[in-house]
Amino acid sequence: MIPDHDLERQMRHALALAARGRGSVEPNPMVGAVVLDLTGSVVGEGWHQRFWGPHAEVFALEAAGGAARGGTLVVTLEPCCHHGKTPPCTDAVLRSGVRRVVAATADPFPRVAGGGLAILREAGVEVDVGLCEADARRLNAPYLKLLRTGRPWVHAKWAMTLDGRIATRTHDSRWVSGEESRRRVHELRGRLDAVLVGRGTVEHDDPLLTARPPGPRVPARVVVSASGNLPDRCQLRATARDVPVIVYTAAGDERKLTGWAADGAEVVALPPGDTGVSLDAVFADLGRRRFTNVLVEGGAGLLGSVLDAGAADEFHVFVAPKLVGGVGAVPPVGGAGVAAMADALHLAEFTAEPSGDDVYLHGFAPGA
Ligand SMILES: NC(=O)c1ccc[n+]([C@@H]2O[C@H](COP(=O)([O-])OP(=O)(O)OC[C@H]3O[C@@H](n4cnc5c(N)ncnc54)[C@H](OP(=O)(O)O)[C@@H]3O)[C@@H](O)[C@H]2O)c1
């Protein structure tokens, strides 16, 4: 019998293995697996490495070979039981001869949803679920949200001065944060499905919004502009054939964007919301594309609407040791805001760490 604390240590290791797939496996979940032999020694490990690729259990059981017989499979997610892009993992688990499966969490994916665990139990394998479940759910929160709501996980990011401004009163914002913080933002972009900005940011900053250097995935660049009054000449439009650009605009105004469409941008007309394009319609469309993680980079108008709508799940904020002053300088979050401090959004799992000369603050919306 393997002691509980050993199993927990191995599950934490499996979760760390799973996280190696971040940015490469979505819209699949990140999964890690460890195989222990009869004595509790690790004889195989693996993780889901890329979308379309083999699942974690397959790598781990192959590595273990005959040593898996009578042993234990520690896995961060319920093994699948359907023919998807790969054969069912439950077949591989049963073939391996493991006696016990310890899973962190069940998989709510409709074609699995407890079916994998049931097949194993019926075949006489001892199955335990729930070890390190909170960590496993945190790791795959974006996957779980997309399954549950059809909407991607929304990251909100901004870089601000010590006096809480993302640009000066003349809208100058190059650069607020230092090199290390900008490197981190590029790293973040390179593992997400889309980077969103409002029209104001395109107008004032003319950003490229690519990940440089590239990461495991190429995020689509998304502009939200109800009016459709976007500049004719800008980097996004000029590069729309190289890296996807999607423009969400109000139904009726898409004719203003025929030039953008001719240059390769995808123009999508959506119904209006309270403050421009309906953000729920934007996120629903991104979810239909099976985008799992999207990043809202600003500016104040768009971030304000996202926060007013309670649509942000995770926050990345860089604070630079600079002061610009001026009541007209741009704050990070516009929108209506709340009237009472008691109603302020209070981030969970909030952490702060140095990022070059800046400070990187990270946290989650409550309940996210
Ligand atoms: N330091 C940083 O991290 C950072 C990052 C990004 C931007 N910035 C700065 O932020 C400033 C731009 O901010 P901003 O507030 O002027 O512009 P913004 O937030 O980039 O864009 C706002 C515009 O987005 C469009 N929009 C469409 N639907 C919307 C909705 N539901 N909610 C809100 N907006 C919607 C509207 O344009 P239409 O009128 O076309 O509908 C609106 O005017 C710039 O000075 C830039 O330098 C700083």
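**Close-up views of a predicted model**

View 1. The strands β6 (153-161), β7 (194-198) and β11 (293-298), together with the helices α8 (199-205) and α12 (300-308), each supply at least two residues of the shell around the ligand; helices (H or I, at least four residues) and strands (E, at least two) are DSSP runs, numbered from the N terminus. This is a predicted model, in which local features need pLDDT of at least 70 and side-chain atom pairs count only at pLDDT 80 or more, while totals for chains, interfaces and linings use all residues. Residues are numbered from 1 along each chain as its sequence is written. The shell holds 33 residues, the closest being Gly198, Gly200, Gly276, Gly298 and Gly299, where a residue counts as near if its C-beta atom, placed from the backbone, lies within 6 Å of the molecule. Helix α8 gives the largest share, five residues.

View 2. Strand β4 (residues 100-103) and strand β5 (residues 126-129) run parallel and are joined by four bridges, and Val102 stands opposite Asp128 in β5; two strands pair if DSSP finds at least two bridges between them. With helix α4 (residues 115-122), β4 and β5 make a right-handed β-α-β unit, meaning that, with the strands pointing away from the viewer, the path from the first strand over the helix to the second runs clockwise.

**View 3. The buried side of α3.** In helix α3 (residues 89-96), the buried residues are Cys89, Thr90, Ala92, Val93 and Ser96 (buried: 20 or more other C-beta atoms within 10 Å of the residue's own, with C-beta atoms placed from the backbone). These residues lie on the same side of α3 because they cover an arc of only 160 degrees around the axis, taken from the directions from the helix axis to the C-beta atoms.

Notes:
A residue is buried if 20 or more other C-beta atoms lie within 10 Å of its own, exposed if 12 or fewer, and partly exposed in between; C-beta atoms are placed from the backbone.
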